[in-house]
Amino acid sequence: MIQRLLIGRCLSALATALIPTTLTLAVLRATGDGGALGIVLASEMVPLLLLLPVGGVLADRIRPERVALLADLTRCLSQAAIAIELLLGVNRLLDLAVLSAVAGIAIAFGSPAVPRLVVAVVPGEDRLRTNARIGVATSLSAVVAPALAGTVTLAAGPGWAAALTAALFACSALTLGGISTPAAPQPNPQASAAPQVNAAQVKAPQVKRVSSFGRDVAEGWREVRGRRWFLACTLAHGVWHFMAGLFLTLAPMTAVRELGGEVSWTVIVQSGTVGLVLGVLAAPRLPIRRPLAVVQAGAACYLLPMVALAVTAPTAVMAGAYFVAMFGLGLLSPLWETVVADEIPERALGRVRSFDQLISFASRPFGLAVAAPLAGVTGVTALALTGGVLVAAANLAAILPSRSSLRHAPAEAAPARVT
């Protein structure tokens with residue numbers, strides 16, 4: 001089952017990474033309008049952000065492999081429809097926007113189910129290694145997919161790139177859908193794991209089964225709020241994503257204008273990719289005693305490329321800084337997935353992770369959108385320096401509540417403690 005999970009997640013990651021490049025090339029070929037491209041890409045993001053909390057509720061109510069199956073099948077159908085439109089030469093902007101919105105809805109429902117699927121399939125002692133393997137696949141997909149989509153588009157057209165994406169989602173759906181997991185666990189007084197939740201807050205199983213979506217969302221938020229370490233780290237990660245949006249907008253412009261052109265930016269990006277993959281590979285192999293401290297320190301490393309950007313450091317320096325920052329992210333990803341899976345009760349894992357994903361999904365596009373206007377007001381130097389200090393301060397400050405909250409958590413709440 002673990003092998004099936006890994007194959008399914010690899011296929012889904014590659015298919016997901018193909019979509020932005022395929023859509024970008026398709027829309028620009030058809031319209032040549034950047035505004036039209038923004039509409040199509042936003043059409044996926046808006047329903048995703050709105051429906052993530054609902055997806056978290058369903059992830060806790062329904063077996064995760066069924067949610068993953070339906071989500072990937074839906075994305076398969078949306079990509080197949082896009083492929084048919086492009087191959088027929090229709091190229092209607094409204095159709096592409098609607099189909100992108102359908103894909104966004106599928107992501108909103110499918111993403112919170114993935115952590116539950118990992119927990120249900122992988123024993124606690126193997127989760128860090130499994131999460132690291134998934135992280136490597138996701139990282140490599142982000143590198144390979146744009147080149148693959150571009151090659152297929154240049155050779156045969158964007159319709160065939162969309163068709164390839166649809167086929168990969170079909171294979172992923174069949175692979176993940178074939179996993180068998182136990183039914184979604186029901187809450188009981190012995191299984192409640194929120195450190196600051198008292199007995200009066202524990203709902204009987206009969207009440208849980210008939211509770212409304214709104215009640216379930218509110219209960220998920222109580223699980224988040226009852227864990228200071230999780231809330232502090234999640235908000236700090238949101239700061240990281242926002243600053244990443246700033247850097248990925250401003251650094252390419254700086255590299256092209258002042259550091260030698262597109263080659264400089266390519267060197268910087270590829271250095272980051274190497275750092276990310278090495279960090280993911282190193283995470284399960286290092287003797288880490290306090291994983292949450294490493295998670296937050298890894299995120300704080302984004303200070304380095306922000307400072308390099310602020311002082312317009314040479315290409316080699318900025319590439320080295322970005323390498324370290326992305327190595328920190330590589331450590332962060334599998335460690336964070338594993339700690340959260342061990343500390344959050346499975347009955348609430350989908351809802352808790354949906355809040356985490358909501359902040360992550362929203363922060364980076366916001367940073368991308370406001371980077372240029374903010375730089376126009378403050379200047380790149382001031383903005384990058386301020387952003388670097390904020391990302392380091394927010395993530396390092398989250399270590400203290402993380403340590404104290406976990407230290408006083410009851411032992412039965414997390415038998416596979418990794419702090």
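**Aromatic pairs and a helix crossing**

Across the whole structure, a search finds 11 aromatic pairs; rings of Phe, Tyr and Trp (its six-membered ring) pair if their centres lie within 6.5 Å, with planes under 30 degrees apart counted as stacked, over 60 as edge-to-face and the rest as tilted. This is a predicted model, in which local features need pLDDT of at least 70 and side-chain atom pairs count only at pLDDT 80 or more, while totals for chains, interfaces and linings use all residues. Residues are numbered from 1 along each chain as its sequence is written, and side-chain values use heavy atoms, without hydrogens and water.

Why is the pair of Phe242 and Phe366 tilted? Their ring centres are 5.6 Å apart and their planes stand at 40 degrees, so the pair is tilted. Phe242 belongs to helix H10 (residues 228–258) and Phe366 to helix H15 (residues 349–378), so the pair ties together parts 124 residues apart in sequence. Helices here are DSSP runs (H or I, at least four residues), numbered from the N terminus.

By contrast, Phe323 and Phe327 both lie in helix H14, 4 residues apart. Their ring centres are 6.5 Å apart and their planes at 20 degrees, so this pair is stacked.

Helix H14 (residues 315–343) also crosses helix H12 (residues 291–300), with axes that come within 8 Å at roughly 145 degrees; axes are lines fitted to C-alpha atoms over the stretch in contact, and angles run from 0 to 180 degrees between N-to-C directions.

Technical notes: Helix = DSSP H or I, 4+ residues; strand = E, 2+ residues; numbered from the N terminus.
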